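Biologist: I'd like to learn how to read a model like this one. Could you take me through it, feature by feature?

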Amino acid sequence: MIEVEHIYKSFGGKPVLIDVSLRISEGETLAIIGRSGSGKSVLMKHLIGLLKPDRGRVLVDGIDIDAISYDELRKVRREFGVLFQGGALFDSMNSFENVAFPLRTFTDMTEAEIRAEVEQCLSMVQLPDVGPKMPAELSGGMRKRVALARAVALRPRYVIYDEPTSGLDPETSNTIDELIKSLTDQLHMTNIVVTHDMHSVLTIADRAAFIHNGHMHWTGTIEALHESHDPVLCRFVRANEYQIGKPALRT
Amino acid sequence: MRVRTSSLSLTAFMLEPVAALGRYSLLLYHAFRSLGDFKVYRKNISEQMMRVGIDSIPIVALAAAFSGAVTTVQTAYQLVSPFIPKTIIGSIVVPSMILELGAVVTGFILAGRVGARIAAELGTMRVTEQIDALEAMGLNSIGYLIVPRVLAGIVMFPVLYIAASFIGITGGLFVGSLSGYVTAGEFIDGAREFFQPFDPIFGVIKSLVFGFVITSISCYKGYFTGGGAEGVGKSTTQAAVTSCVYILLADLVLAIVLL
Ligand SMILES: Nc1ncnc2c1ncn2[C@@H]1O[C@H](COP(=O)(O)OP(=O)(O)O)[C@@H](O)[C@H]1O
Ligand SMILES: [Mg+2]
């Protein structure tokens, strides 16, 4: 379980997160939604201690991750897999080595075991043949899928996805959504999906948390989201319908 | 309101060098505290040593050969007098190469070549969240990225310095005798006459310091890159320029302290 308790964060005097609280339960898929620049990535970086709150606490399985030493924090981080916005594949390594990297670094697996595991991860994201390709040779969607394979290679308990579908065409977006769903079913992970893509939220999430102007404006289940009459939330959801050109709230 | 903002930014401006030194020291502190995770970095170190050292040999050799040759010709030109023995050319060229030129020429070339490359690499990793990705996996990104580069600099610079000095002296000897200013025998006699065993030791110490200065400054500039692709360009230039300035400074300080 991850608990975010009343965190505040500002950059150079400009507040980005104001009194944000959030609770993520074991096994659920939570979507953090909000407009571009609303602080979603900043919030997500607090969950793994890449950023420290000015005030407030972040608890992972009851441990305050800002109160522990760096070495202990690194142990906590190994419970997480993170898919960064642009994939963040290491561009000095090919796709195979990218997925193999966490295995080589954190396990004592033999070369043969690593090879088998990487191949399995790459087929889970439906890219069994890209191993020898360098990140620069891959399309944006493929890069995100390889990054997804790398994020789940160590079978983390928590997976964070930062805008997994942004910048992708609708079809590729659907593929990614399907992948996240099937990975969750196979690997029983807790997911935190940062996104402004409502279609993706409705496909994969159990619950949504809406950030607006630095505040946690609304949280609730997807059913509650359908029924909400909150004007700000409705405006965000409707803006999305026009943007992707299909009804986000399906009946 | 405007006055307050400007006075604030003035204070910030004046404190910036102190803050930068603080960040730089902290970065090095974290880097060397993580030396324990050596197993993870081992492969990286040999790779960096290849890239810092072996790949730089051609350009360093070229520059060293020419500086040795030019120093020889200029010394000969300045000392044309029947009262001065020609051996003096060797006595001047060889110590200049060993004491100053070998290390400084190598340093400047590598500030541009290695320094800029390190800053561009780490800067790109920063702005594309690759550094965040390393951290998120539970790796110490400072140790993983910076330790191998700085160690490679400290190990490979003395090697390049020795090669540069050797090639520079050979270049001087070759051009001097080809152009008839001085015979090879006279050149070597002159070099022997005033040879100080401490000179090459001083050169090695200097190159070691230069290696540290260039790689650590460039790592610092690259690691703390901000502001997208433009930021990477800025860090790259700054890494090369700042490294050159600090090489000159270190050169002077070492000369005063050790000579
Ligand atoms: N490291 C940083 N330094 C300064 N400002 C930042 C930093 N990271 C984010 N911000 C600012 O915080 C705000 C929210 O950013 P972000 O969380 O990336 O938005 P998004 O919701 O699109 O992910 C933006 O205005 C951004 O400029
Ligand atoms: Mg973002």
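Biologist: What does the secondary structure of chain B come to?

Modeller: Helices (H or I, at least four residues) and strands (E, at least two) are DSSP runs, numbered from the N terminus. In chain B there are nine helices and zero strands, giving the pattern α-α-α-α-α-α-α-α-α along the sequence. The C-alpha trace of chain B spans about 75 × 50 × 30 Å along its principal axes. This is a predicted model, in which local features need pLDDT of at least 70 and side-chain atom pairs count only at pLDDT 80 or more, while totals for chains, interfaces and linings use all residues. Residues are numbered from 1 along each chain as its sequence is written, chains are lettered from A and ligands numbered from 1 in the order in which they are written, and side-chain values use heavy atoms, with hydrogens and water left out.

Biologist: How do I read an interface, and what is the area buried between chain B and chain A?

Modeller: The size of an interface is often given as the accessible area lost when the parts come together. Here buried area means the accessible area (1.4 Å probe) that two parts lose on being put together, summed over both. Between chain B and chain A that is about 1700 Å², with carbon and sulfur atoms giving 54%. On the chain B side, B:E129, B:A136 and B:M137 lose the most area to chain A, together 33% of what that side buries. Counting contacts (heavy atoms within 4.5 Å), 18 residues of chain B meet 22 residues of chain A.

Biologist: Which helix gives the most to the side of chain B that touches chain A?

Modeller: On that side, α4 (87-127), α5 (130-137) and α6 (141-178) of chain B each supply at least two residues. The most come from α5(B), with seven residues.

Biologist: Now the ligand. Which residues surround ligand 1?

Modeller: A residue is near a molecule if one of its heavy atoms lies within 4 Å of it. The residues around ligand 1 include A:F11, A:K14, A:R35, A:K40 and A:S41. From chain A, β2 (14-24) and α1 (40-47) each supply at least two residues of this shell, and α1(A) has the largest share, three residues.

Biologist: Where do oxygen atoms of ligand 1 sit relative to A:K40 and A:S41?

Modeller: One lies 2.9 Å from a backbone N or O atom of A:K40. For A:S41, an N or O atom in the side chain is 2.8 Å from an oxygen atom of ligand 1.

Conventions. Polar contact = N/O pair within 3.5 Å; in protein donor to acceptor, adjacent residues only side chain to side chain.
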